[in-house]
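Here's a quick briefing for anyone meeting this structure for the first time. Have a look at it first, then read on.

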Amino acid sequence: MAEDPTLQVSRRSFLGTTGAVVVGAATVPTLPDTAAAAADPPTAPRTRIVLTVNGTEHRLEVEDRWTLVEVLRDHLDLTGTKVGCDRGECGACTVLVDDAPVYACSQLAVWMDGRRVRTVEGLARNGVLDPLQEAFIAHNAAQCGFCTSGQLMSAKALLERTATPTTDEVRRSMVGNLCRCANYNALVEAVMAASRAPRAATSGGGAA
Amino acid sequence: MSQDANGSSTLSPLTTAGKSTPRIDSVERVTGKARYSWDVKLPGMLYARVLRSPHPHARIRSIDVSKAASMPGVKAVITHENARVVWGAGSIAGGGQYNDELKKITKQRRYIFNNPVKFVGEPVAAVAATDRHAAEQALLAIVVDYEPLAFVLDPEEALKPEAEKIWPEGNLSLNVRNEAVPNVSRRGSIEAGVAAAAKTFEDRYSTAFNHNAQMEPRCCVAHWEGDKLTVYTPTGGIVNCRDDMARDLGIPRDRVRVICQYMGGNFGNKNQNQDADLIAATLAKMTSAPVKLEFSRKEDFVGMHGRWPTVQYYTVGVDARGSLTALKMRAYSGMGPYRKNSGGIAGLELYACPNVESTLYPVYTNRTVSGNYRGPSDPQGFYGVQSMMDDVAYKLGIDPLEFAIQNMSRKFRDEVPYTNYSLEDCLRQGAARFGWRERWRREPGSDAGPIKRGAGVSFMIFRASLGRSSAIIHLNAQGRYTLFVGVTDVGGGAKTTMGMIAAEALGVPLSQVDVVWGDTERCPYSVGESGSRTTMMTGGAVVEAARALKQQLAEKGAPTGDNVLIASTSPSPTIDGKSRNVFGAHFVEAEVDVEMGRIRITKYLAMHECGRIINPLTAKDQIRGAALQGIGMALREDMIYDRRTGHPVTTGYYGARHLTYLDAPEIDVEFIEVDDGYGPFGAKTVGESGIILGPAAVANAIFNATGKRMRDLPITRDKMLGAFA
C-alpha cells in the first residue's frame, strides 16, 4: 500500500518534538501509568525501536519482554486490537505487519523495529469507513464484537491480496480467527460482499 | 387480530419492529472504539494476577508470601489468611442463583480463597503490582506447602462409599433446604406405565463438559473512591452483579457502581459477580489504587465454568400403537466442587406420557466448576432423550419424525395449555423444506461405500415466560427520546432491540431514540442477559414506559425549555393458567467417512417459532451461531482430565477444538412468526433456543448414515472409528 502523503506531516512534527522518553509520539498523550511504572526500577532490559502504526512513526523504548499487542494497547492506547488468548490460538489480536496478518500477541515488540503496522483504528480514513467495515455492519458480522478487529484485519489482508476470493478462500485465509459466537456464516457473507467477487451461491465447510 | 386453533394470530405489520436493522452501535464495533472491560485503564492502575492450585484436592499447610511482597513493584498479596471474602454467587444451596435468601442459608460456601483447594486452578493467592509482568514474577515467588488429598473426577464414582469426600456432608450436592437428597419429580406411576407397555427400552447416554469460552477473558477493574466502589467487569447483569458485590463486601447497594458497556461474549452464568470482581475489589481497597485483574485464557478455562457433564439412564415404555406409557430418567450431573447452578437435565417435558419420573443427582467432583452455558439444562438432556426416542422409533420400525409427532407434548406436563402451539408446524414445514423424504434413509447405514449420508431430526419446547424488568424514557424539548435500560448487550444486540421496541411503541423513527445502557448509576433494573429474557422482560418494560410517556405527552403537551417528560415503569406481567414457550425443529444431514471417522454436516435447517422477531438481522445470527455451537458440542468440545493427576489437558481454544471457519456449515434459518398476545409485540425468546437442538439432530443423522448409535458426546473421530472396529 502506498504511503498516505498526509502522514508525512505528522512524521516531521513527531521528529521535531519527541525527546528521549519511555513512550512518546506527537499524536499520543503521555499515559498516567508510564509515570507509575517509572517510579519502580525497571526489571527488564529495554530496547529502542521505531514503529510505524497506521502511518504514524513512533520512537519507543520497550521492555524486551513486551509483545506487540501490549505496546499497541497499553502504551499507544490502541485498544481496538483485542487479546483473546495471548498465546496464538484465537486471532483476536490480528494486525497487519508490512501488509501481512500476524498475531500481535505472538510478536515481541523488539522484533518490530522498522516495521509498518496497521490496526483496526487505521481502517477508516478521514471518518469514511472501509468497505469491509460497511459490509460487517450490513451483514451483522460482529456479534459480541471481541474478535471483530482481528477478523477485519485478516479480511483486509485477504482482499488486498485477492480482490475476488471464493468463499472457500475466505474460509481458508481466515481460519486463524476464531469467533466463539460462531458467526462464521455472516462473516463469510460480509467479506464476500466487500470483495469484488461476483455474487454466487456459497458452499459450506462442515468437516469435523 | 384473530386467533387460530393453535392460539397464534396473524401478524399485523409494524413500522420499526420486524425490519432488519443494523446495530445502533455498529460503527463502534467495527472501528475498535467499543470499550470492553478488558480495555479499561485508569490513572495509577495496578495489575493483578492470581496464583492457582496445581492440585485437584489439597490442604494448604502454609503460604509464604514474604519474598513476593518485597519484590519491586508489588503492592499487595492476598491469600485465604488475610482475605476471607465470601463469594455468594460461587456456591449456592441447590444452585439457586439470583436468590439472596438461599445465599444466606448456604452451608457449602465458597470464598475467594479456600482451604482446602478442591480443583486444579482454584485461586490460592493474588498479587497487585505496578505492571502485569511484575505481578506475574511475584506469583513465582509465593511458596505454598500443600498436603495433597485423594480426588474424584467422575460423578458416578463420586457417589460410591469409598470415594474421597469433597465436603463433610458427602459428594451429593445439597439442595435448597441443605438436604443431601436427589431431585425427584414424578407424574403418574412408572411401575404402572412399564406394566402397560408392549415393549420397554433402556439405555445410557453421556455428555461432556463444554466451556463457555467467550472471547473476552475474565477481567475486572475495581476502583474505590472513599467508600464507593466502581467495578468495570464483563457481566450480563449489571444490577445483579452490583447486588452481589454489595452483599459479599457488606456494603450498601448504592455504594457499588457496575459498568459494562460492551462484553466479549457471555453464553451463560455471567448475570452475577465473579470471584475476579471480589479479588480486584479487595486488592484495590488494600492498595488504595484502581486494580485490574486479568485472567489468561487458560485461567479462564479452569477458573470460570462450562456446561455440566452428565450421565443419563433412560427407561421408555411404549404400547402396541407406538405411544409412550412410561418415561423414566435417572441422571448424574458433575458440578465440580462448588454448586453454581442447578445441574438440571431437561427433555422429559417434550413428550406426552402419563407416567414420568426423573431422578437427578447433582454431584461434586474435583474438576473445574460447572455453571450455566446457553440453555443450561437443555442440549445435554435433549440429546439423551431424543437419541433414546430416535432409537426406539427405529426399533419399532417407525419413521422417527412420525414417532416424534405422535408422542410430542401437546400441553405442558399434559395438562397446562400453551399460549400457542406451533411445534407440529415446525416439524412438518421443516421436513418439507429440508427434504426429509429424500435425505432420510429407511435403512440406516445403507449407502454403498465408505462415505455414507443420513438425516436426523430433533425438536424443542423451551420456556418463554414473562417477568419483572424496568425501563425509563425521557423526552426533551427538542423532541429526542432517551431510553434508559440496564442491559449490557453481550452480543445478541439487546440495545438495538430495546431501541427498536421503544421506537415502535412511541411511534417515532429509531433515529430519534438514544439508548443509555450498561451502568447501574444511570440505568434501572434489568433482568440481566441470561435465560434469553431481555427482549421479553426488559422489552415489555420499554413498551410500558413508552405507553406511559405518550399518555403524559397527551395530558401535559410537549416539554419546553429545559423541561423533560419522564416515564418510569417496572411491570411484572404474568400469564394466567398457560405456559408460554418457543418451539423449533432442527434437521441435519450428516456425511460420515467410516474409514477415516470424519463427519461433515452437509445440510442444516433450523426451523423456529420465537413469536414475532423484532430484528431479523440479529435474530437469524443468534440462531446460526447457536446451532454451530451445538454442532461443536456434538462433535468436538470436551474438557478431558488426566485421571492420574487430576489436571485438565484440553484447556484453551486448540484443546477445546471449537469450530473454525473450515468446520462451520451453512445454517439455514426459518422463522414461523406468530403473536400469542403476550410479550412486546408478541416477541418471545431467541438467544438460547438455537443451541438446544443440534446435538440430538447431529447424533440422529449419524445413526441414519451409519447405523451406529453414538451414546457419548462429543462424537469424535476416534469414537466414530471405534464404532466400526
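Two strands count as paired if DSSP finds at least two bridges between them. Helices (H or I, at least four residues) and strands (E, at least two) are DSSP runs, numbered from the N terminus. What you're looking at is a predicted model, where local features need pLDDT of at least 70 and side-chain atom pairs count only at pLDDT 80 or more, while totals for chains, interfaces and linings use all residues. Residues are numbered from 1 along each chain as its sequence is written, chains are lettered from A and ligands numbered from 1 in the order in which they are written, and side-chain values use heavy atoms, leaving out hydrogens and water.

**Chain B as a whole**

- Chain B has 20 helices and 24 strands. Its radius of gyration (taken over C-alpha atoms) is 26 Å, close to the 27 Å that the globule rule gives for 725 residues, so chain B is as compact as a globular protein of that length. That rule is 2.2 Å times the number of residues to the power 0.38.
- Along its principal axes, the C-alpha trace of chain B spans about 75 × 75 × 45 Å.
- Of chain B's 725 residues, 67% count as buried. Buried means under 20% relative accessible area, exposed over 50%, and partly exposed in between (1.4 Å probe, protein chains only).
- Take the contacts in chain B (heavy atoms within 4.5 Å) between residues at least 6 apart in sequence: 81% of them join residues at least 24 apart.
- Chain B exposes about 23,900 Å², with carbon and sulfur atoms supplying 49% of it. Accessible areas come from the Shrake-Rupley method with a 1.4 Å probe, and for residues only the protein chains shown count as cover.

- How many residues of strand β10 (residues 228–232) of chain B are buried? Five of the five are, so β10(B) is largely enclosed by the rest of the structure.
- In a regular strand the side chains alternate between the two faces of the sheet. Here B:Lys228, B:Thr230 and B:Tyr232 point one way from β10(B), while B:Leu229 and B:Val231 point the other way.
- Five bridges tie strand β9 (residues 219–225) of chain B to β10(B), and the two run antiparallel.
- β9(B) and β10(B) make a hairpin with two residues between them, and B:Gly226 in the turn has a positive phi of about 65°.
- β10(B) is also joined by four bridges to strand β11 (residues 256–259) of chain B, this time in parallel. B:Tyr232 stands opposite B:Ile259 in β11(B).
- To get from β10(B) to β11(B), the chain passes through helix α7 (residues 238–249) of chain B, and this β-α-β crossover is right-handed. That label applies if, with the strands pointing away from the viewer, the path from the first strand over the helix to the second runs clockwise.

**A four-stranded sheet in chain B**

- Four strands of chain B form an open sheet in the order β17-β22-β23-β24, with mixed pairing. At the edges sit β17 (451–463) and β24 (668–671) of chain B, each pairing on one side only.
- Neighbouring strands of this sheet are turned by 15° against each other on average, direction ignored. Axes are lines fitted to C-alpha atoms, for helices over the stretch in contact, and angles run from 0 to 180 degrees between N-to-C directions.
- Strand β23 (residues 598–609) of chain B runs parallel to β24(B), and four bridges join them. Among the residues involved, B:Met607 has B:Glu670 in β24(B) as its bridge partner.
- Helix α19 (residues 694–706) of chain B lies across β17, β22 (581–593) and β23 of chain B, at about 155° to β17(B).

- Chain A comes to seven helices and six strands. Buried residues make up 57% of its 208 residues.
- A:Leu68 lies in helix α3 (residues 68–75) of chain A and counts as buried at 1% relative accessibility.
- B:Thr618, in helix α16 (residues 616–635) of chain B, is buried with a relative accessible area of 4%. Leaving aside neighbours within four places in sequence, B:Thr618 is in contact with A:Asn140, B:Arg23 and B:Gly492.
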